Structures are given as structure tokens and as C-alpha cells.
Amino acid sequence: CRCREIRICRWLARREPCDCGQHGQEFAAAGAHAAVAPTPRQHYLWDCAVAKAVVAQINAHNPGPAPISQAQLWLVQAPPGSQQCVWDVVVMAALAATEHGRVRLHGMTRAAAALGIQTAAAAAPEAAVAGAVEAEPDLDEIPPTQLTPPQPGVHPVELACAGAVADFWSRLMQFAQLGVPQKGWGGIDATHPILAVVKGEMLCALPQAMELEA
């Protein structure tokens, strides 16, 4: 939706380090004096572990000899062996799931940071309050239900990847439950990857041992 597009654009424009910890530290290091700051779009929507987890799911069902390319995903160019009508749906689900994972990771990171502030407050209330005042407000308007810190010993990036993958397949399953569209899907048969049509019913593929979130 338009609100989601605006939120993504606002996030990319801020040029903040990614919460996965693998990219973007140069944003903070460069500061406002940098003439040209590196764009985070490449990382958030392709190189980040969350994006890679979603792309890996697509590649697992890709009938072609090579993994999908960045252009095929970003420009909605159907790879060999996939019909364009199906690919349109797959790309929308993949990008939305990647954003879902990013928001979830950011929420868990913020929740963990807030928990640290609360813990520090018990030992040094004044310092903790000062840090809380300087903390960034809820710029992404993340729902409180997503501001849950990960359990001890569980890496938030792994949880975000799992959440993005589950969201990706959940979106495709919901689309399949709507039935076969009346136009443009006549060439989709039972052998088509990811979304197939069998005896007039649309079926969604799922990876083996895939567990969706409750």
C-alpha cells in the first residue's frame, strides 16, 4: 500500500546502520560532513540477511539453472520457467515480507535497547533518564506487539529471517486461497513453481519442514 511505500522510503532516506549489524556503520561514521553517503537500498532489499532469507526461498523453487537476479526481483522480470502473472505475486510477497522482517528486527533491537535502559535505571536512574530523553522516538511507528526483545540466546537476526520467510509464504497462501484469477492465468498448470493450478484450484508450494508463526 501507499503507506508502506512511504515508510520504506523514509527509512531508506535516513541512512541508518542496519540492525543486522552487517552494513551501514559507515553512515554513522561519515556523519553530516560526508559529501555522498552510500545508499542503503542495496543492502536492505537485497544484501541483508533478512532479504537473503526470502530470496533463498524463491531460489529453492526456481526451475532455472541460475538463482534469480536482483533485476528480476526489483524490476519484476519473470525468470525462465515462471509465468509473469505468478511472478508479479511472488515479487510483491517477497518485498513485503522483507519489509516485515526489517520492521521486526528493528522492533526487537529497540526493545532490547529499551530493556537495557530499564536495567540501567535501577543502578543509575539519572543517567538512564538522560539516555532515554536523547533516544530516538518511534519513527517507524512499530506496533507494541513487535517490540518484544528476543529470548536469551536467540539472535534477533535469526528470528527476523524466520519471520520474513513465514510472512512470505503466508502471503502466497492467502493469495492462493482466493482462487484462480479469471484473466491471465490460463497457462498456469500443475507443474508451475510456487503457485500452480491443479484441477481448477490454485495450490501454493511450501518448503519441507516449514513452520509458520502462530
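This is a predicted model: local features need pLDDT of at least 70, side-chain atom pairs count only at pLDDT 80 or more; totals for chains, interfaces and linings use all residues.

Start with helix α4, residues 49-60, and helix α8, residues 156-177, whose axes come within 8 Å and cross at roughly 40°. The crossing of α4 past α8 is right-handed. On the α4 side, the contact is made by Ala 49, Val 50, Ala 53, Val 54, Gln 57 and Ile 58. From α8 come Val 157, Ala 160, Cys 161, Ala 164, Val 165, Phe 168 and Trp 169. Sorted by class, this contact has 12 nonpolar residues, 1 polar and no charged ones.

Now for the core. The largest nonpolar core has 38 residues, and Ile 58, Val 90, Phe 168, Leu 172, Trp 185 and Leu 195 are those with the most contacts inside it. At least two residues of this core come from each of α3 (41-47), α4, α6 (84-123), α8 and β1 (195-198), with α6 giving the largest share, 11 residues. Setting aside residues up to four places away in sequence, Trp 185 touches Cys 85, Val 86, Val 89, Phe 175, Val 180, Leu 195 and Met 202.

Beyond its neighbours within four places in sequence, Pro 80 is in contact with Asn 62, Pro 63, Gly 64 and Gln 72. Pro 65 is 15 residues from Pro 80 in sequence, and their C-alpha atoms are 8.8 Å apart.

Terms used: Residues are numbered from 1 along each chain as its sequence is written. Side-chain values use heavy atoms; hydrogens and water are left out. Axes are lines fitted to C-alpha atoms, for helices over the stretch in contact, and angles run from 0 to 180 degrees between N-to-C directions. Helices (H or I, at least four residues) and strands (E, at least two) are DSSP runs, numbered from the N terminus. A crossing is left-handed if the near helix is turned anticlockwise from the far one by less than a right angle, and right-handed if clockwise. Contact means heavy atoms within 4.5 Å. Ala, Val, Leu, Ile, Met, Phe, Trp, Tyr, Cys and Pro count as nonpolar, Asp, Glu, Lys and Arg as charged, and the others, Gly among them, as polar. A nonpolar core is a set of buried Ala, Val, Leu, Ile, Met, Phe, Trp, Tyr and Cys residues joined through side-chain atoms within 4.5 Å. Buried means under 20% relative accessible area, exposed over 50%, partly exposed in between (1.4 Å probe, protein chains only).
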